[in-house]
Amino acid sequence: MHLPVAVPLCYFSVLAFHLLSRVLPDTPEEVDPKFFLHTRDQTDIALRFTDVSSLSSFNHSKRTFIIVHGFRSSGDAEWVKEMTSSLLNKTDANVIVVDWKKGAKYLLRYHQAAANTEVVGALLALMVVNLEHHQGATETYIHIIGHSLGAHVAGFAGKSHKKTRYQRITGLDPAGPFFKYQKDNARLAKTDAHLVDVIHTDGDGFGYLRPLGHLDFYPNGGNIQPGCLFSCKI
């Protein structure tokens, strides 16, 4: 992954001081997140930091949805494809899928994937800045939707964007392990966007039960959902 020289490869890590293992996030090159733009006219357009022409299909006059997967998932997950299709069927928008599978892949090292959310969030914010500078993107038109660890990626993206806040962040079953007792600066928080809404669906398991946003929803009490097996919770 080639990054602009302005991107620091080493920086102060909030999570490194909170995680029990004291693990540091992987480097941006190791996490290597990919950003793919989908529109009604084109799909799977790779957005690159070092290629301004790759941003040309982004339309600043349309709303922008950004989808971020979670632990041991990828941008090719079926639910990501279905959500992308549903959003585009409903509205003519920009839909950006963040694929950070290299940083989320760890089966027995969940703590490493959790630490990597900080890096992915910072790089996502940088991509939005590129879209602002080169394509006229406006933060108030941006809605980030993150599942599991992806919800915290969205939170870190909001914290990393210094100028103003995003319009909306939706957290889908935000991950709980290593985040349950963190302060606002080390997890998704309602200060990360103008509107933060959260759907809690596995709060007593791998999810986060306490309120995190301006609006918090608790289907079936926010715990185990009918018909949902272990594999669909993470």
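Colleague: Where does Asn94 lie in this predicted model?

Modeller: Asn94 is in strand 4, which covers residues 94–99.

Colleague: Why is Asn94 called buried?

Modeller: Its relative accessibility is 0%. Buried means under 20%, so Asn94 counts as buried.

Colleague: What makes the pair of Asn94 and Thr64 a polar contact?

Modeller: The side chains of Asn94 and Thr64 come to 3.2 Å. The cut-off for such a pair of N or O atoms is 3.5 Å, so the value is within it.

Colleague: Which residues is Asn94 in contact with, leaving aside neighbours within four places in sequence?

Modeller: Among them are Leu37, His38, Thr39, Ser57 and Phe58, and also Thr64.

Colleague: What is the phi of Ser148, and where is Ser148 placed?

Modeller: Ser148 has a positive phi of about 60° and is not a glycine. Most residues other than glycine have a negative phi. Ser148 sits in the loop that joins strand 5 (142–147) to helix 5 (149–160).

Colleague: Why is Ser148 called buried?

Modeller: Its relative accessible area is 5%, and the limit is under 20%, so Ser148 is buried.

Colleague: What makes Phe178 partly exposed?

Modeller: Phe178 has 28% relative accessibility. Buried would need under 20% and exposed over 50%, so Phe178 falls in between and counts as partly exposed. Phe178 also has a positive phi, about 75°, and lies in the loop between strand 6 (166–172) and strand 7 (193–199).

Colleague: What is the mean pLDDT of the protein chain?

Modeller: The mean is 89, and 89% of the residues reach 70 or more. Over residues 4–10 the pLDDT is below 50.

Definitions and conventions:
Residues are numbered from 1 along each chain as its sequence is written. This is a predicted model: local features need pLDDT of at least 70, side-chain atom pairs count only at pLDDT 80 or more; totals for chains, interfaces and linings use all residues. Side-chain values use heavy atoms; hydrogens and water are left out. pLDDT is the predictor's confidence in each residue, from 0 to 100. Contact means heavy atoms within 4.5 Å. Helices (H or I, at least four residues) and strands (E, at least two) are DSSP runs, numbered from the N terminus. Buried means under 20% relative accessible area, exposed over 50%, partly exposed in between (1.4 Å probe, protein chains only). A polar contact is a pair of N or O atoms within 3.5 Å; within protein, one must be able to donate a hydrogen and the other to accept it, and residues adjacent in sequence count only if both atoms are side-chain atoms.
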